[in-house]
Amino acid sequence: MSLVSESEVARWTPVVLALARELWVVRDRVCIMESLLTTQGTLSKDAIDKFQPGTEQQAQLDRDCESFVAKLVAGMQSR
């Protein structure tokens with residue numbers, strides 16, 4: 001017996017995805033902030049917004065994002 005009906009899952013899926021999207025933005029910005037603080041020791045007000053990751057760092061961010069999405073989807077599929 002399922003604790004959550006199909007209609008409840010459908011109703012909450014957009015909410016979960018919106019929260020996941022916001023969480024990913026926060027995780028991405030924290031990663032950038034850590035990188036800038038490690039390399040520069042300080043941050044200007046707009047440093048995070050202007051930051052452009054290198055190829056290797058972008059590849060790691062992409063892998064992290066894929067892992068995050070996979071875990072989110074797996075959690076949504078298991079009930």
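**View 1. Tryptophan 24 and phenylalanine 68 are both buried.** Buried here means under 20% relative accessible area, with exposed being over 50% and partly exposed in between (1.4 Å probe, protein chains only). A quick note before going on: this is a predicted model, where local features need pLDDT of at least 70, side-chain atom pairs count only at pLDDT 80 or more, and totals for chains, interfaces and linings use all residues. Residues are numbered from 1 along each chain as its sequence is written, and side-chain values use heavy atoms, leaving out hydrogens and water. Back to the rings: the structure holds one aromatic pair. Ring centres of tryptophan 24 and phenylalanine 68 sit 5.6 Å apart with planes at 35 degrees, so the pair is tilted. To count as a pair, rings of Phe, Tyr and Trp (its six-membered ring) need centres within 6.5 Å; planes under 30 degrees apart are stacked, over 60 edge-to-face, and the rest tilted. Tryptophan 24 belongs to helix H1 and phenylalanine 68 to helix H3 (residues 55-77), so this pair links distant parts of the chain, 44 residues apart. Helices are DSSP runs (H or I, at least four residues), numbered from the N terminus.

**View 2. Here is helix H1 (6-40) from end to end.** At 1.5 Å a residue, the 35 residues of H1 should span 51 Å, and its end C-alpha atoms are 50 Å apart, which agrees. That expected span is 1.5 Å times one less than the number of residues. H1 has a kink of about 35 degrees at tryptophan 12, shortly before proline 14; the bend is the angle between axes fitted to the seven residues ending there and the seven starting there. Ala20, Trp24, Ile32, Ser35 and Leu36 are the buried residues of H1, and what covers them includes H2 and H3. Just after H1, glycine 41 takes a positive phi of about 80 degrees.

**View 3. Five residues make up the largest nonpolar core: Ile32, Leu36, Ala47, Ile48 and Phe51.** A nonpolar core is a set of buried Ala, Val, Leu, Ile, Met, Phe, Trp, Tyr and Cys residues joined through side-chain atoms within 4.5 Å. Leaving aside residues up to four places away in sequence, phenylalanine 51 touches Ile32, Ser35, Leu36 and Gln57, where contact means heavy atoms within 4.5 Å.

**View 4. Two salt bridges turn up in the structure.** The cut-off is a side-chain nitrogen of Lys or Arg within 4 Å of a carboxyl oxygen of Asp or Glu. One joins the side chains of aspartate 49 and arginine 29 (2.8 Å, N to O). Aspartate 49 lies in helix H2 and arginine 29 in helix H1, so the pair ties together parts that are 20 residues apart in sequence. Aspartate 49 counts as exposed at 57% relative accessibility, while arginine 29, at 34%, counts as partly exposed. Lysine 50 and aspartate 46 also meet through their side chains (2.9 Å, N to O). Lysine 50 is exposed at 60% relative accessibility, and aspartate 46 is partly exposed at 31%.

**View 5. Leucine 37 and leucine 23 are found in helix H1.** Leucine 37 counts as partly exposed at 39% relative accessibility, and touches Thr42 and Leu43, not counting residues up to four places away in sequence. Leucine 23, at 42%, also counts as partly exposed.

Key: Helix = DSSP H or I, 4+ residues; strand = E, 2+ residues; numbered from the N terminus.
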